[in-house]
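Trainee: Please pick one part of this molecule and take me through it closely. I would like the cut-offs spelled out as you go.

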Amino acid sequence: MNTGTLSDTQALELVDIVHLKWMLAGEGLHVHVERLQNDPSYASDCLNAAERSTNATVRKAASTLRARLGQAVVAR
């Protein structure tokens, strides 16, 4: 039987955050991992910026992370 724990979920989110962080670094945008995890407004700003990227992989990573974090998409 497979079971998951809260820490497993948090670890998956952290992997997604770090993945997005490095992709955005390549586009010149610095992401503070701890702040993204704890500040919903900052997270929304980072995800919105990532979703405006011309790189489809960055946009997909942002959408995936937004879903994992339970962030609503903000109309622009």
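Mentor: Happy to! Helices are DSSP runs of H or I with at least four residues, strands are runs of E with at least two, and both are numbered from the N terminus. You are looking at a predicted model, in which local features need pLDDT of at least 70 and side-chain atom pairs count only at pLDDT 80 or more, while totals for chains, interfaces and linings use all residues. Residue numbers start from 1 along each chain as its sequence is written, and side-chain values use heavy atoms, leaving out hydrogens and water.

Now to the salt bridges, each defined as a side-chain nitrogen of Lys or Arg within 4 Å of a carboxyl oxygen of Asp or Glu. Side chains of opposite charge can pair when their charged atoms come close. The whole structure holds three such bridges.

Start with D16 and R68, whose closest N and O atoms are 2.5 Å apart. This pair links distant parts of the chain, as D16 sits in helix α1 and R68 in helix α4 (residues 56–69), 52 residues apart. D16 is buried at 16% relative accessibility, whereas R68 is partly exposed at 40%. A contact means heavy atoms within 4.5 Å, and beyond its neighbours within four places in sequence, D16 is in contact with T64, L65 and R68.

The pair R66 and E51 comes next, with closest N and O atoms 2.9 Å apart. R66 belongs to helix α4 and E51 to helix α3, so this bridge ties together parts 15 residues apart in sequence. Both ends are buried: R66 has a relative accessibility of 2%, and E51 has 13%. E51 is one of the buried residues of α3, a list that also includes Y42, C46 and L47. Helix α3 itself covers residues 40–51, and its 12 residues reach 16 Å from first C-alpha to last, close to the expected 16 Å; the expected span is 1.5 Å times one less than the number of residues.

The remaining bridge joins R35 to D39, with closest N and O atoms 3.3 Å apart. Here R35 is partly exposed at 43%, and D39 is partly exposed at 23%. D39 also caps the N-terminal end of α3, where one of its side-chain oxygens lies 3.1 Å from the backbone nitrogen of S41. For that, a polar contact is a pair of N or O atoms within 3.5 Å; within protein, one must be able to donate a hydrogen and the other to accept it, and residues adjacent in sequence count only if both atoms are side-chain atoms.

To return to helix α1, it spans residues 6–25 and also holds L14, which is partly exposed with a relative accessible area of 36%.

Definitions and conventions. Buried < 20%, exposed > 50% of the residue type's maximum accessible area, 1.4 Å probe, protein only.
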